[in-house]
Amino acid sequence: MKASELDDQLYNEAVEFARLHASIGIVAIQRHFRIGFNHAAWLIERMQEEGVVTAPAWNGIRTVIHGGSDASNC
């Protein structure tokens, strides 16, 4: 498997994980998937770009938007 395919698979799993919660943060993704902070931040930022989560609140937590633009992928 190519690195981009692994990233896409991890992204899809992270979206599924986020949708199980009302809100999500970088640290939750980092801990659940046991990945580095930068990789978790990249996943969260991609989710924001694709309409899965909102921009971060003052505490870094983002609200999960059910039915984001990639809802058909999960």
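Me: Is the crossing of α1 and α3 right-handed or left-handed?
Reply: In this predicted model, α1 and α3 cross in a right-handed manner.

Me: At what angle do they pack, and how far apart are their axes?
Reply: Helix α1, residues 3-19, packs against helix α3, residues 37-49, at an angle of about 70°. Their axes lie 10 Å apart. The angle falls within 65 to 115 degrees, so α1 is roughly perpendicular to α3.

Me: Which residues make that contact?
Reply: From α1 the contact draws on D7, D8, L10, Y11, A14, V15 and A18. From α3 it draws on H39, W42, L43, R46 and M47.

Me: How do these residues divide into nonpolar, polar and charged?
Reply: In the contact of α1 with α3, 8 residues are nonpolar, 1 is polar and 3 are charged.

Me: Turning to α2, how does α1 cross it?
Reply: Helix α2 covers residues 26-33, and its axis comes within 11 Å of the axis of α1. The two axes cross at roughly 115°, and this crossing is right-handed.

Me: Which residues meet there?
Reply: L10, E13, A14 and F17 of α1 meet A28, I29, H32 and F33 of α2. These residues divide into 6 nonpolar, 1 polar and 1 charged.

Me: What about α3 itself, how many residues has it and how far does it reach?
Reply: Helix α3 has 13 residues and reaches 18 Å from its first C-alpha to its last. That span is close to the 18 Å expected at 1.5 Å a residue.

Me: Which of its residues are buried?
Reply: The buried residues of α3 are A40, A41, L43, I44, R46 and M47. Of these, L43, R46 and M47 also take part in the contact with α1.

Me: What covers the buried residues of α3?
Reply: The cover includes α1, α2, β1 at 23-24 and β2 at 62-63.

Me: Which residue takes a positive phi just after α3?
Reply: That residue is G51, with a phi of about 80°.

Me: A change of topic: where is T63?
Reply: T63 is in strand β2.

Me: How is T63 classed, buried or partly exposed?
Reply: T63 has a relative accessible area of 42%. Buried would require a value under 20% and exposed one over 50%, so T63 is partly exposed.

Me: What does T63 touch, leaving out residues up to four places away in sequence?
Reply: T63 touches A22, S23, V52, V53 and T54.

Me: And how far is T63 from G25?
Reply: Their C-alpha atoms are separated by 8.8 Å, although the two residues are 38 residues apart along the chain.

Definitions and conventions: Residues numbered from 1 in each chain as written. Predicted model: local features only at pLDDT ≥ 70, side-chain atom pairs only at ≥ 80, totals over all residues. Heavy atoms only, no water. Axes fitted to C-alpha atoms, helices over the stretch in contact; angles between N-to-C directions. Helix = DSSP H or I, 4+ residues; strand = E, 2+ residues; numbered from the N terminus. Parallel < 35°, antiparallel > 145°, perpendicular 65-115°, else oblique. Left-handed = near helix turned anticlockwise from the far one by under 90°. Contact = heavy atoms within 4.5 Å. Nonpolar A, V, L, I, M, F, W, Y, C, P; charged D, E, K, R; others polar. Expected span 1.5 Å × (residues − 1). Buried < 20%, exposed > 50% of the residue type's maximum accessible area, 1.4 Å probe, protein only.
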